[in-house]
Amino acid sequence: MTARVLALVLLLAASLQAQVTFDRILHPEKEPQNWLSYSGSPFNQRFSPLAQITTANVKNLELQWIWQAKSLEKYEATSIVVDGVLYTVQAPNDVVALDALTGRPYWTFTYENLPDARVCCGRVNRGVAILGDTLYMGTLDAHLVALDAKTGKLLWKTQVAKTGERYAITHAPTIVKDKVIVGTAGGDFGARGLIAAFDAKTGKEVWRIHTIPGPGEPGNDTWSGDSWKTGGAGVWNSGAYDPETNLVFFGTGNPAPDWDGRQRLGDNLYSDSVLALDADTGALKWHYQFTPHDEVDYDSTQVPVLADIQWRGRPRKVMLWANRNGLSYVLDRVTGEFLLGKPFVKVNWMDGFDPKGRPQRVPGKIPTKEGSMVMPTVLGATNWAPPSFSPRTNLLYVGAWENTGTVLTEGLSPRAAGRNPMGQSTLTPNLNKQEDGFGVIRALDPQTLEKKWDFPMNDITWGGVLTTAGDVLFSGGKEGYFFALDARTGALLWKMALGGQINSGPMSYSVNGRQYVTVAAGTGLFTFALRQ
Amino acid sequence: MGGVGKTLFGVAAILLIAATASAQQHETAADIEDGGRVFRSSCANCHGQDGDQVPGVDLGRGQFKRAQTDQDLIGIIQKGVPNTGMPATNFSNQQAARVVAYLRSVAASRRGGAVTGDAARGKLVFDGKGTCASCHRVGLAGSRVGPDLSAVGLQRRSVELEQSLLDPDADVQIANRTYRVVAKDGTAATGRLLNIDSFTVQMLDSQEQLRSFMKSDLRDFGFVASPMPSFKGKLSAQEIADVVSYLVTLKDRTVQ
């Protein structure tokens, strides 16, 4: 094939919107121009194989277009791009199709949530998924909707759970083969978390599991009394999928009531855990609990990051996890074996692991009458914002909160039924002085979980991280700067103030051979490319 | 004192409204059009576009359960009918009168010997001889190039559907306009216009692809006639009536 024919074939491939098969989703490396799922691949590495933007030329980035959401809610969605069409979510649940080259709209799908839809922490949505010609979105009123990607027409709508029971869906669905998998938020209200798979064509439910085992199931005895019924453990971030083991992985949220463990004695499985489920049946294959009997709010709803790395001299299929509880982990994702764990910020609630990876608690680092300073803070060492792993640098990059803590003071009485769902403790953040807390982009070496470099910010960060084959790292923070770092050194290469908080993860795509990087800030979507 | 003043003012206002309402026995075409818009957005969801979806009531043919006069109808529109699905509204006398005027105009236009269609036969024509699915989509079947007809029975009156079959260009909805662009290299694309601005054009083209064009790359661009053929002379009056009957059954509320 001559270069000219090849170029023509590539041009045709780029300009035709073909069906997004699951094979395409599994192999994003074959089509670097697209971004087909929330974190770019089922491994959630948030790594773009595009290399036009490099550490040498990133200083020439130029704003190409802005799209403004007609919504004042936080813009947490990561857009996806399919063959030149960008799909994003206008919070809470409107889906918009834009021309990825110009930012001009093709269509808007407007969704009206049921009036009793309630969420704890913002009427947000983190993105859509695509399979075939169909887009999928979870909604605040706990439905899963399917839209025609060409027209925005609603194809079906399935109720996943009831709003009256405080369920909602905020994360981008996870596609596995012919299924769409979502989990439910609502853990802060005591809603017992669940994960369910639906037939992508019809919306019919295929399987469902609860994140808290029912009576007779292993783990139910880790909850005192009937506390399992209202124990939370919500799911509010996307899963990962490993085709070799056919396992789908989801992180789970805090137990409820959140800051008061007195009426839910025990480890409270499977709160603050990662669950490995058979993708066909939902059967639990293994689990690892990051924070047994959590009384702080250490949701483990970060996206699981999967990587194939050399480990102690041999290849190993691992899962990397920088957790809200301040610890970073390397797990064997086939078996769930704990391989390594280490704090990545200042942590005082534990001081080591037993051989099986259970954290050893430091006494008194729970809500007490006098008040106890627990580190990291209630909002975590990192939260839901998606991290990145670069297979070129073999580093895990995470937006972290360093030196933060919260004084937890025990309330007088346990939670009364229906009141104070978070528990009776009071929380006082310790953010008075600059050194008491700041945001940082931190590069961790999975071999040791030691820090390779830091890029500190003045303020904390809710920004996700993107790395590219040009060895550029993109991220931002609460201050509203969008910036590019050298992924190998952390050196600042470029920055721009976007005038609004960055509350999502950047991503990259290309159209007609030109690489773009896009990020949501404030209520707008900002898209950059190299100056021409 | 203030209370009396308010009351007097209120009486005056009522008299004024009553006078306005009676003055509007002769609505203008614009009033009727306005009434139609209100009907489609507020009434048609239950009554249907043709006004015949509530048993015993056929608004478009002047068949009512309770009302005799226009004033009765205005009262029902405003106050609703207790213990039924008909709710009260906050329509003004003027708005309600315009809806009534619209319904009367529809009824007047209906007095003729229309052919009665058969929906089952109409579906056969739609799928077969009419080749309608080559451009139109119903549910998951058919093309996206033309307007999606899955819920057309909720959106359009039968008289409008009949007109579209006979004279497709007479009244094209703004979302269904056809646009054509010709690039400087001579390649052309035609499709349903989705967005247009000073510098760009977005469409769903005849290959069901979402396409975006920079006007600076184009030699020519603009609206063109609908690719929908007229079926006048191609389908019999009975077949047209059958297709219309089939289309009014398409009421997929999912896509609303």
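Five strands of chain A make an open sheet in the order 1-32-33-34-35, with mixed pairing. Strands here are DSSP E runs of at least two residues, helices are H or I runs of at least four, and both are numbered from the N terminus. Two strands pair if DSSP finds at least two bridges between them. Strand 1 and strand 35 (492–497) of chain A are the edges; each has a single partner strand, so one side of each lacks a neighbour in the sheet. Strand 32 (residues 466–468) and strand 33 (residues 472–476) of chain A pair in the antiparallel sense over two bridges. A:Leu466 has A:Phe474 of strand 33 as its bridge partner.

This is a predicted model: local features need pLDDT of at least 70, side-chain atom pairs count only at pLDDT 80 or more, and totals for chains, interfaces and linings use all residues. Residues are numbered from 1 along each chain as its sequence is written, while chains are lettered from A and ligands numbered from 1 in the order in which they are written.

Now take the loop between strand 1 (47–48) and strand 2 (61–68) of chain A, where A:Ala56 is found. A:Ala56 is exposed, with 11 other C-beta atoms within 10 Å.

Another pairing in chain A joins strand 25 (residues 372–374) and strand 28, antiparallel over three bridges. A:Val374 has A:Thr406 of strand 28 as its bridge partner. Strand 28 (residues 406–409) of chain A has A:Thr406 and A:Leu408 on a covered face, and A:Val407 and A:Thr409 on an uncovered one. In a regular strand the side chains alternate between the two faces of the sheet.

Next, the interior. A nonpolar core is a set of buried Ala, Val, Leu, Ile, Met, Phe, Trp, Tyr and Cys residues joined through C-beta atoms within 7 Å. The largest has 172 residues, and A:Val128, A:Ile130 and A:Val305 have the most contacts inside it. Strand 27 (residues 395–402) of chain A gives the largest share of this core, six residues. Apart from it lies another core of 17 residues, including B:Phe126, B:Leu165, B:Phe231 and B:Ile240.

In helix 7 (residues 158–166), B:Ser158, B:Leu161, B:Glu162, B:Ser164 and B:Leu165 are buried. They cover an arc of only 160° around the axis, which puts them on the same side of helix 7 of chain B. The arc is that of the directions from the helix axis to the C-beta atoms. Their cover includes helix 6 (152–155) and helix 8 (237–248) of chain B. In helix 8 of chain B, 10 of the 12 residues are buried, so this helix is largely enclosed by the rest of the structure. Among what covers its buried residues are helix 5 (119–127), helix 6 and helix 7 of chain B.

Finally, the two chains meet. Their contact takes 17 residues from chain A and 14 residues from chain B. Two residues are in contact if their C-beta atoms, placed from the backbone, lie within 7 Å. On the side of chain A that touches chain B, strand 5 (94–99), strand 6 (105–109) and strand 10 (154–159) of chain A are the elements giving two or more residues.

Technical notes:
A residue is buried if 20 or more other C-beta atoms lie within 10 Å of its own, exposed if 12 or fewer, and partly exposed in between; C-beta atoms are placed from the backbone.
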